[in-house]
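Open the model in your viewer and keep the selection tool at hand. This tour tells you what to pick next and what is there.

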There are 2 protein chains.
Amino acid sequence: MRNIKITLAYDGTDFCGFELQPGKRTVRRELEKALHKLFKRHVKTINSSRTDSGVHALCQAINFKIDHSIPTTRIVAALNSLLPEDMRVIKAEEAKKDFHARYSPKTKVYEYLIYNGDPMPVHLRKLAWQVKPKLDLKAMRQAAKYLVGRHDFSSFCASCGDDKNFVRTIHSFVIGNSSLGIWQGVKYRVISIRVAGNGFLYKMVRNLVGTLVDVGQGKLSSSGVRKVLRDRDRRVAGRTAPAHGLCLIKVNY
Amino acid sequence: MRNIKITLAYDGTDFCGFELQPGKRTVRRELEKALHKLFKRHVKTINSSRTDSGVHALCQAINFKIDHSIPTTRIVAALNSLLPEDMRVIKAEEAKKDFHARYSPKTKVYEYLIYNGDPMPVHLRKLAWQVKPKLDLKAMRQAAKYLVGRHDFSSFCASCGDDKNFVRTIHSFVIGNSSLGIWQGVKYRVISIRVAGNGFLYKMVRNLVGTLVDVGQGKLSSSGVRKVLRDRDRRVAGRTAPAHGLCLIKVNY
C-alpha cells in the first residue's frame, strides 16, 4: 500500500467548508469524487486542517493509501483534469508509511487579511474583511504579544467544536500593513495578521482576529486580552471575524 | 442641471458586460437601478468604455446630468449602499458642463494578466489567463514595439463591432513579468501586458494580446506582426485572448 501526500489549494468561496456534509459542495466531497474517477474506487482522505465554509487554503495537506502504480509525477495533472477549477493540486509525493496529515503537523500557519478602509476594492471582497474605522495597529500588535506562547485558549474556542484539550502553543503572531498589487501600479494597503502555532481550536483564529480588531477599535485594551485569556470563557472575548478573510498558508511536518 | 462624474470599479466575472441587454445582469443596468433608487427617476449614464462580459474595470468613468441638491461628498456612500458588492463607486465629482465620459478621454489604459504556468493559482483564475507553454517575452516585446504608434488596426478588430474608422494610436505597450502577492510570502509570477492608447476598437486589446501570445509561442514571428497590421484583415491576426484577463486600469481626460 502506498501512502500518497498531496498539497491542495482552494478558493473557499463556493465551498461549504472541508468536511463531508449531506447534499453540500465541500472540499472533501469534490476531492474524493475526483479520486474515485481516477482510481475507480473509494479513496479515504486524511487532511491536516478542517477549514470552515468560505475559508481559503494554499496548502491543505492530504494523504491517502492506495494500491495503484500511477507515478507521483502524473498525479497532479491527472487530478487537476478531474477537479473543479476552484481547487488545484499543487504537489504530489510519496510519503512515509506512518505519515498522517492530521496528526503529524508540527506547525500550521494562517493568514487573515483586513481591508481597513472604504470603499472595498471589488477584487478583494472575497479575500479580505472590510473594517471601516481606522485600526490602531500598535495596540493590536501589543495585544498579539500576550497571545504568543502556550495557553489555554478556551476563551477563543467556539462552543460547537469537539475539542477537549484547549491548550495550544502560538509560536508567532505578526501584524503587517503592506501594499498588495494585482495590477501594476494599482496598490491596495492591506493589514495581514499571520499566526503560526502547533494547532488551533475550532474557529480559534477567527476569534483571535475578531478580538484583536476590537482592540484596534478601542473596544478592548491591549492588556485586556490577558484577562480574556485567563477567564477561559468564550463570552468575554471579542467577535468572530468572518470566514472569507482567512487562509491556511502553510503546514509544516 | 449638474453634470456629475463618477469613477466605477467592478469585478466583471458575473456581469454580461457593460451595455444594457434584455434580461441580462449588466453593469449599466445595475448602476441605473441604483441611480433610480437614489434619485427616484431614470438617470441616463454616459460611460468612457464598453467592457465585454467578464472584463474588469478599476476606473470606468461615467457621467450623468441631474437636477438634485445631493452634495458630491455623499454620492459615493449613497450609491455604494445601493449597488451590489461586485461594483463600487470610488469617486464622485462635479464635472464641467461639457464633460462627456465617452468623447472626452485623451488616453485609456488597459492591463492584461497572464499566468504562464501550471497549475493555475485558484485565486487568479478569474483575473488572469492561464497559458501553459513558456512564453518568449523578448519576442513578444519586440512584436509589441511594431504596434506602438498610429495605425489602421482593422486586423485586430472583431467584425461584429460598429466601428467605421479603424485608425487608432497606441502610446505605449509594456510587457512586465513581476511577482504578485496576495498573502505575505506567497508570490505568483504574472505577466502583465499594459497598453495605453487614444482609444481601442471592439475586442482590439484582446486580439492584440492573443497575437502577442502567438508570437510568444513561436506561432508567429515578431516581425510577422508588421505584416498582420499591413494586411488589414482580421483573419491573419492571432486568436482573441479570453475576457477575464483584461482590466480597464485608467481613463485620462
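Start in chain B. Select helix 3 (residues 137–147) and helix 4 (residues 204–216) of chain B: their axes come within 8 Å and cross at roughly 140°. Helices (H or I, at least four residues) and strands (E, at least two) are DSSP runs, numbered from the N terminus. Axes are lines fitted to C-alpha atoms, for helices over the stretch in contact, and angles run from 0 to 180 degrees between N-to-C directions.

A note before you go on. This is a predicted model: local features need pLDDT of at least 70, side-chain atom pairs count only at pLDDT 80 or more, and totals for chains, interfaces and linings use all residues. Residues are numbered from 1 along each chain as its sequence is written, while chains are lettered from A and ligands numbered from 1 in the order in which they are written.

Back to the pair. Helix 3 of chain B and helix 4 of chain B are therefore oblique to each other (under 35 degrees is roughly parallel, over 145 roughly antiparallel, 65 to 115 roughly perpendicular, and the rest oblique). Helix 3 of chain B passes helix 4 of chain B in a right-handed crossing (right-handed if the near helix is turned clockwise from the far one by less than a right angle, left-handed if anticlockwise).

Now show the side chains. From helix 3 of chain B, pick L137(B), A139(B), M140(B), A143(B), A144(B) and L147(B); they meet L208(B), L212(B), V215(B) and G216(B) of helix 4 of chain B. Contact here is between C-beta atoms, placed from the backbone, that lie within 7 Å. How do these residues divide by class? Nine are nonpolar, one is polar and none is charged. Ala, Val, Leu, Ile, Met, Phe, Trp, Tyr, Cys and Pro count as nonpolar, Asp, Glu, Lys and Arg as charged, and the others, Gly among them, as polar.

Next, select both chains. The contact between them takes 32 residues from chain B and 32 from chain A. On the chain B side, elements that give two or more residues include strand 1 (2–10), helix 2 (72–80) and strand 10 (246–252) of chain B. That side has 18 nonpolar, seven polar and seven charged residues.

Move to chain A. Colour domain 1 (2–94) and domain 2 (107–252) of chain A. Their bounds come from an automatic or database domain assignment. Their centres, taken over C-alpha atoms, are 27 Å apart. Domain 1 of chain A gives 14 residues to the contact, and domain 2 of chain A gives 10.

Finish with the backbone. Most residues other than glycine have a negative phi, and most peptide bonds are trans. Zoom to K40(A): its phi is positive, about 55°, although it is not a glycine. K40(A) sits in the loop between helix 1 (27–39) and strand 2 (46–47) of chain A. Then go to D118(A) and P119(A), joined by a cis peptide bond with omega near 0°. P119(A) lies in the loop between strand 5 (107–115) and strand 6 (129–130) of chain A.

Methods. Two residues are in contact if their C-beta atoms, placed from the backbone, lie within 7 Å.
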